[in-house]
Amino acid sequence: MSEQGWNQQEIATGFDQAADILHPYYHVLHDKLFELFPFKEKDSAVVVDLGGGSGHFARKVLNEFPKATLILIDQSEPFLNIARRRLAPFGDRALFLCSNLQDNWLSKLPEKADIVVSMSAIHHLTDQEKDTLFHRSYYALKEGGRFANTDLFYEENVTYFKELVRNWMATIKQAQQNGRIPKQLDKLLLEWKTQMLAVTDGEANRRNFFPQTPDKQIDALAGSSFKHPKMTWRRELWALLVADK
Ligand SMILES: C[S@@+](CC[C@H](N)C(=O)[O-])C[C@H]1O[C@@H](n2cnc3c(N)ncnc32)[C@H](O)[C@@H]1O
């Protein structure tokens, strides 16, 4: 998806409505992320959500952890606007930063984080941009803090990767036919399929879709000084990686 796409209001609204239909493990992975939080329910803590979108996960965090503050970083004003409305009841426990993940969001953070999380956003960055992001995430954390990324990942076996993409797109098509996905997402979903099946083509065709294999990302996290980077969960195209400061 091009950044311009994420920046259209009707795409943000449609994605917000259909997020847990488009992502088959949306809520499962929210729960898995919670299991990795390095603090307890009653603790004061700071959570940074990279590419936090319309704030579905952020709302759960602020509900589950009544003393936590959450900083949601995203480059899309339409997504941020939905998040601001959704998180308004939490007052100043929810903070918003409009920034590209490639830019220096670290210098704008009001305080260091106990955990930096991300869901379905980092695959938009090239591998070099991911390295810079992991470095910044490391410095954004307090000592003993944690980084957790759940995302779409690449698979070394290209034939198998393409089969997984086609299977996912077939379930999405069925949901479209049943009227469960807003029509305004039709073009976006076609673009997803094209981009994902073009993943082995040259960079020029890939625009901003750069999923890594979990192994490569684990190495990149180790290269950014993180300790014990590992994958804790994987199903089909999705995985969850965690690393400690
Ligand atoms: C698939 S949505 C996921 C949103 C949210 N994490 C969720 O799981 O519901 C991808 C989000 O990443 C954001 N995003 C994509 N590329 C980005 C970039 N380079 N910098 C900052 N945000 C980005 C988009 O604006 C969008 O909100």
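Helices (H or I, at least four residues) and strands (E, at least two) are DSSP runs, numbered from the N terminus. The model is predicted: local features need pLDDT of at least 70, side-chain atom pairs count only at pLDDT 80 or more, and totals for chains, interfaces and linings use all residues. Residue numbers start from 1 along each chain as its sequence is written.

## Overall build

The protein has 10 helices and 7 strands. Its radius of gyration is 17 Å, close to the 18 Å that the globule rule gives for 245 residues, so the protein is as compact as a globular protein of that length. That radius is taken over C-alpha atoms, and the globule rule is 2.2 Å times the number of residues to the power 0.38. Along the principal axes, the C-alpha atoms fill a box of roughly 45 × 40 × 30 Å.

Burial is judged by counting C-beta atoms, placed from the backbone: a residue is buried if 20 or more others lie within 10 Å of its own, exposed if 12 or fewer, and partly exposed in between. Buried residues make up 40% of the 245 residues. Two residues are in contact if their C-beta atoms, placed from the backbone, lie within 7 Å. Of the contacts with a separation of 6 or more, 70% join residues 24 or more positions apart.

## Core

A nonpolar core is a set of buried Ala, Val, Leu, Ile, Met, Phe, Trp, Tyr and Cys residues joined through C-beta atoms within 7 Å. The largest one here has 66 residues. Val-47, Ala-58, Leu-70 and Val-116 have the most contacts inside it. Strand S7 supplies the largest share of this core, 6 residues.

Take Val-116. Leaving aside neighbours within four places in sequence, Val-116 is in contact with Val-48, Leu-50, Ser-137, Ala-140, Leu-141 and Phe-147.

## Helix H10

H10 covers residues 214-223, and its buried residues are Pro-214, Gln-217, Ala-220 and Leu-221. Seen down the helix axis, these fall within an arc of 120 degrees, so they line one face of H10. The arc is that of the directions from the helix axis to the C-beta atoms. The face turned away from the buried side carries the exposed residues Asp-215 and Gly-223. Cover for the buried residues includes helix H6 (127-140), strand S5 (141-152), strand S6 (227-235) and strand S7 (238-244).

## Positive phi

Most residues other than glycine have a negative phi. Ser-225 has a positive phi of about 80 degrees, although it is not a glycine. Ser-225 follows H10 and lies in the loop between H10 and S6. Ser-225 is exposed, because 12 other C-beta atoms lie within 10 Å.

Ser-120 also has a positive phi, near 55 degrees. Ser-120 sits in the loop between strand S4 (113-119) and H6. With 18 C-beta neighbours inside 10 Å, Ser-120 counts as partly exposed.

## Pairs apart in sequence

The table lists C-alpha separations.

| Pair | Apart in sequence | C-alpha separation |
|---|---|---|
| Arg-93 and Thr-69 | 24 residues | 4.4 Å |
| Val-199 and Pro-211 | 12 residues | 8.2 Å |
| Val-158 and Val-199 | 41 residues | 9.0 Å |
| Gln-128 and Val-47 | 81 residues | 24 Å |

Arg-93 lies in the loop between helix H5 (77-87) and strand S3 (94-98). Not counting residues up to four places away in sequence, Arg-93 touches Leu-62, Ala-68, Thr-69 and Leu-70. Arg-93 is partly exposed, with 16 other C-beta atoms within 10 Å.

Val-199 lies in the loop between helix H8 (186-197) and helix H9 (203-206). Val-199 is partly exposed, since 18 other C-beta atoms lie within 10 Å. Val-158 belongs to helix H7 (residues 158-177) and is exposed, with 11 other C-beta atoms within 10 Å.

Gln-128 lies in helix H6. With 11 C-beta neighbours inside 10 Å, Gln-128 counts as exposed.
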